[in-house]
Amino acid sequence: MVEVAGETAVVNGVPGPAYDEPPIIEVRDLSIAYRGKPALSDVTLDIHRHEIFGIIGPANSGKTSFLRALNRMDAFNTAMEVSGSIRINGKNINDWRNEYALRSRIGVVFPLPVGLPLTVYENVAFSPRLRGIRKRAELDEVVERCLTRAALWDEVKDRLDSLGSLLSGGQQQRLTIARALSQEPELLLLDEFSIAVDPVTTMRIEDVLKELRSELTIVLVTNLVQQARRLADRTAFFLMGELVEIGATEDLFEGDVKDKRTTGYIEGRFG
Amino acid sequence: MFTATPLNRRSYRNQSLAKAVFFLMTVVLVIPVLLIVGTLVVKGAPAISWEFLFTAPTDNMTAGGIFPALVGTIWLVVVALLASVPVGVAAALYLSEYAPDNLLTRTINLAIINLAGVPSIVHALFGFGAFVLFFRMGQSILAASLTLAVMTLPVVIVATRESLQAVPQAFREACWNMGATRWQTIRKVVLPNSISGILTGVILEVSRTAGETAPIMFTGATAFVAFLPEGVLDQTMAMSYHLYYIATQATNVPEELTFGVALVLIAIVLMMNAVSIGFRVYLRGLKKW
């Protein structure tokens, strides 16, 4: 249960979402289209610091497009048209003159792990190197810390110099999480991260995410409604490009919904 | 239960037929290559010796060796490479990694493909007009090499672009998502994984450059100079032009000499192709996915 204690809420001893502070992400009237074909329309929502914000919905609902818009990936895709406004830390993301600096503070994990064609070590050291960290000792420290946080260090510490792509699927996904953490992000975007991961590893990653919440904000797009239930403080339901509803995760799962379609999806009647 | 239906049998027969036809066509393809190389070796090999490779022609090209032509070809190839590789690779990087997919880009791509289809004699006349006359380079290695460079640019660009596009898009997106710029992504991930294809394209270009005659005959190649070129503004002999000259212009040239020149020329080209294939095999072994 969420108890509001002074400045920040505390959930099970871990600082919970900061609902009384201004939101870290403010999305207003966000619409996304690909070559004129709408993928998401008129989304307005707030995401708070230290929150795990779940997004559920069937395929083609605009969940991934939403994450891509947060990261301004439309800059790399001329077919993607974004309208409306997204403010992160109070600043419209289109006002960042250096969009690369914005992206460097946002970690992203894809559905299928993309290990860069580099060694395990270099995969994790990539972003620190972009930030200008050159000293080997400093890089070693970041690599060990991030791999440990991603629950991968013990399995790869003896083969940091082998290729990231030689790891198993679940290990590669933890590698991409370590890589995202190496960015020292304020915001972590997870796009169906468990699709190629076995259930045991999924649980280990979920534990990591719960711990990470005290440091950063997580947007979790998931195709597993139970995963949203386990992790998310609040959950949004997207359906065919429409934001159907947002609510406290527990409320949605207990049937306290404004729209019957939400319950229908959660209970697996369609999707 | 497990018996072949008439349809199964027909599929099987068609498959055998298709295989036989394709095999036959491959044989048809190999025969001329073997005949050409075989004839050259049989008729040209007696002419080959250290003296042949390392002395100048004498007696109105009817005796002596090919050394100035050999050196001239190396000059032409190296200068052409220096001109075309930086331009071609940079243009391919722009077109593949930076340029938006719009009408202009598509027009440029089409123009490059068309440039590859322009006959070499047209390039020769262009080079003569542009480099020899307009830019006042005179007939020189520089003018000839630049003509060759223009002619082979499309090969370099297309080869480079194709190897760049063979790098999975997911790698780029992963880098961009971490805040890497396009250039950082190219330098750290795209180029290291496409360099084998680029080098292969470049070496294929070299072999093509070495064999071309038309583009150099008005722009810098000459039938005979007794001394070796000392700089890019000198005229030079070249293997391909030398072969053309002794085969059609000079009189009383012994047949074995002509075949000897042809054999050396084709050996150069084949050697470069072999190096190219070796390179590709080696670099593919280094590929990381």
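This is a predicted model: local features need pLDDT of at least 70, side-chain atom pairs count only at pLDDT 80 or more; totals for chains, interfaces and linings use all residues.
Which residue forms a salt bridge with B:R172, and how far apart are the closest N and O atoms? Side-chain values use heavy atoms, with hydrogens and water left out.

**View 1. Salt bridge between B:R172 and B:E97 in chain B.** The partner of B:R172 is B:E97, with the closest N and O atoms 2.8 Å apart; a salt bridge is a side-chain nitrogen of Lys or Arg within 4 Å of a carboxyl oxygen of Asp or Glu. The pair links distant parts of the chain, 75 residues apart: B:R172 lies in helix α7 and B:E97 in helix α3 (residues 67-98). Helices are DSSP runs (H or I, at least four residues), numbered from the N terminus. Both B:R172 and B:E97 are buried (under 20% relative accessible area; exposed is over 50%, partly exposed in between; 1.4 Å probe, protein chains only).

**View 2. Salt bridge between A:R68 and B:E173.** The side chains meet at 3.2 Å, N to O. This pair crosses between chains, from helix α1 (residues 63-70) of chain A to helix α7 (residues 169-177) of chain B. A:R68 and B:E173 are both buried.

**View 3. Salt bridge between A:R174 and A:E155.** The N to O distance is 2.9 Å. A:R174 in helix α6 (residues 169-182) and A:E155 in helix α5 (residues 153-156) are 19 residues apart in chain A. A:R174 counts as buried because its relative accessibility is 4%, whereas A:E155, at 31%, counts as partly exposed.

**View 4. Network of salt bridges in chain A.** A:R131, A:E141, A:R145 and A:E184 are linked in this network. Over all chains, the structure holds 28 salt bridges.

Terms used: Residues are numbered from 1 along each chain as its sequence is written. Chains are lettered from A and ligands numbered from 1 in the order in which they are written. Helices (H or I, at least four residues) and strands (E, at least two) are DSSP runs, numbered from the N terminus.
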